[in-house]
Amino acid sequence: MVKLQEIKRHSTHQVKIGNRFIGGNAPVLVQSMTNTNTSDVNATVNQIIELYEAGSEIVRLTVNNDAAAKAVPYIYETLVNKDYDIPLVGCFHFNGHRLLTSYPALAASLAKYRINPGNVGLGEKHDKHFEMMVEQAIKYQKPIRIGVNWGSLDQELAARIMDKNSKLKNPKPTEEILRETLIESALQSAKKAEDIGLLAEQIVISCKISRPQDLIAVYRELARRSNYALHLGLTEAGMGIKGAVATTAALSTLLQEGIGDTIRTSITPIPGDSRTVEVKICKEILQSLGLREFAPVVTSCPGCGRTTSTVFQHLAQQVQLFLESNMPNWKNKYKGVESLKVAVMGCIVNGPGESKHADIGISLPGTGEHPIAPVFINGERAHILQGENIAAEFTQIILNYIEHRYQPA
């Protein structure tokens, strides 16, 4: 498995956000965003805690009006009083300059400010409003994220670049010019922030697009032309499987190249689903690539004509739920338990081999096979299970293994 230290990371600037670091050799962090009305303190606090407990290490929230600006300090204080150390990022559009200067408690409570260069004002107001926000970041020693979006580009910059391109003998395609506009907007804004007085180690950049191939092209160029810490994510990934797959395709390619320091899955929530789905996808991406370890991994086969019984499917599901439900307790009790590897296999073809590669594995009998299930521990056959209580017996074996292998945290 590829380990973090074996992938050369592009960013050399390390940014401190609250008590966490991003960039350089720091681990890639998972970020999420609330969708509550920020002015509703209780609802927002509850969702932040839910996201945090699911694994989000940074949480962003909308600060779009005076009511939201007034609520943020209370949200922060409530979290602190509940002993939650969660960096909060304020997401500003259009009026961030006014809100940050009018509400000092807001500016002080946030761990980072997100600024969209396309939405800070037009004409002469653009630079003035941007400068006001950066000055607040300097005053309160806060980093900023310059977050450029495909759907809200700086129109004046886009017009200048388009005009310049139209005068070329062989003009570039429109989409290529738009990608360049994203990059230029981010890098020019970062340069302005440094000219005002912010350090490079206080700047994070993102350039979000909806299409994976465009995102990959933009971030490769950003990494080539800068050393800033980078936040990755499609700006609108879509819903359900489509959103999860599109995000995974884009982010995995970049992360494998050492590009990206924080990530988010911006999927459209399925009605009734928890907001934490976006956090779980990020964790799965990082763990699948070997960049982070969050929870024990269950390897299970897809099934075939040799596994016409659904017993192994039910067992795989039970084991997965057993591990997930116990991890909140185990991670504070057993050091390194998140590295546990478990295999639940359905027949003799790959069952014993995969089980030997896991820390603990079980190979259930396929159709027509002898009705026994060998259990392998650290590559050696240790038990033979059979009958109707295999699930309970196997989960007990896992529990015993954890208690004996992992030291107290």
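**Close-up 1. The largest pocket and the elements around it.** Helix H1 (41-54), helix H10 (277-288), strand E13 (297-300) and helix H11 (311-333) each bring at least two residues to the lining of the largest pocket. Helices here are DSSP runs of H or I with at least four residues, strands are runs of E with at least two, and both are numbered from the N terminus. Please keep in mind that this is a predicted model: local features need pLDDT of at least 70 and side-chain atom pairs count only at pLDDT 80 or more, while totals for chains, interfaces and linings use all residues. Residues are numbered from 1 along each chain as its sequence is written, and side-chain values use heavy atoms, with hydrogens and water left out. The pocket has a volume of about 1000 Å³. Of its 29 lining residues, Ala54, Lys283, Phe294, Ala295 and Met327 are the closest to the centre. H11 gives the most to this lining, namely 7 residues. By class, the lining splits into 11 nonpolar, 6 polar and 12 charged residues. In this count Ala, Val, Leu, Ile, Met, Phe, Trp, Tyr, Cys and Pro are nonpolar, Asp, Glu, Lys and Arg are charged, and the others, Gly among them, are polar.

**Close-up 2. The second largest pocket.** This pocket has a volume of about 330 Å³. It is lined by 14 residues, of which Ile161, Lys172, Glu176, Ile177 and Glu180 are the closest to its centre. Helix H6 (155-166), helix H7 (174-196) and H8 are the elements that give two or more residues to the lining. H7 has the largest share, with 5 residues. The lining of the second largest pocket holds 6 nonpolar, 1 polar and 7 charged residues.

**Close-up 3. A cavity inside the model.** Rolling a probe the size of a water molecule over the atoms shows where empty space is left. On a 1 Å grid over the protein atoms alone, a cavity is a set of points where a 1.4 Å probe fits but cannot get out; a pocket is an open set with protein on both sides within 12 Å along at least five of seven lines, and lining residues have an atom within 4 Å of a point. Points are joined across faces, edges and corners, and a volume is the space filled by probe spheres set on them. The count comes to 1 cavity of 30 Å³ or more. The largest cavity has a volume of about 40 Å³, and its lining includes Phe92, His93, Phe94, Ile115 and Met133. That lining has 5 nonpolar, 6 polar and no charged residues.

**Close-up 4. Strand E9 and its partners.** Strand E9 (residues 229-232) is covered on both faces: Ala229 and His231 on one side, and Leu230 and Leu232 on the other, are all buried (under 20% relative accessible area, with a 1.4 Å probe and protein chains only). Strand E8 (residues 203-208) runs parallel to E9 and is joined to E9 by 2 bridges; strands pair if DSSP finds at least two bridges between them. Here valine 204 stands opposite alanine 229. E9 is also joined by 2 bridges to strand E11 (residues 262-263), again in parallel, with histidine 231 opposite threonine 262.

**Close-up 5. An open sheet of 5 strands.** The strands follow the order E13-E14-E15-E16-E17, with mixed pairing. E13 and strand E17 (380-385) are the edge strands, each pairing on one side only. Strands E15 (residues 360-363) and E16 (residues 373-377) run antiparallel and are joined by 3 bridges. Glycine 361 stands opposite phenylalanine 376 in E16.

How values were computed: Buried means under 20% relative accessible area, exposed over 50%, partly exposed in between (1.4 Å probe, protein chains only).
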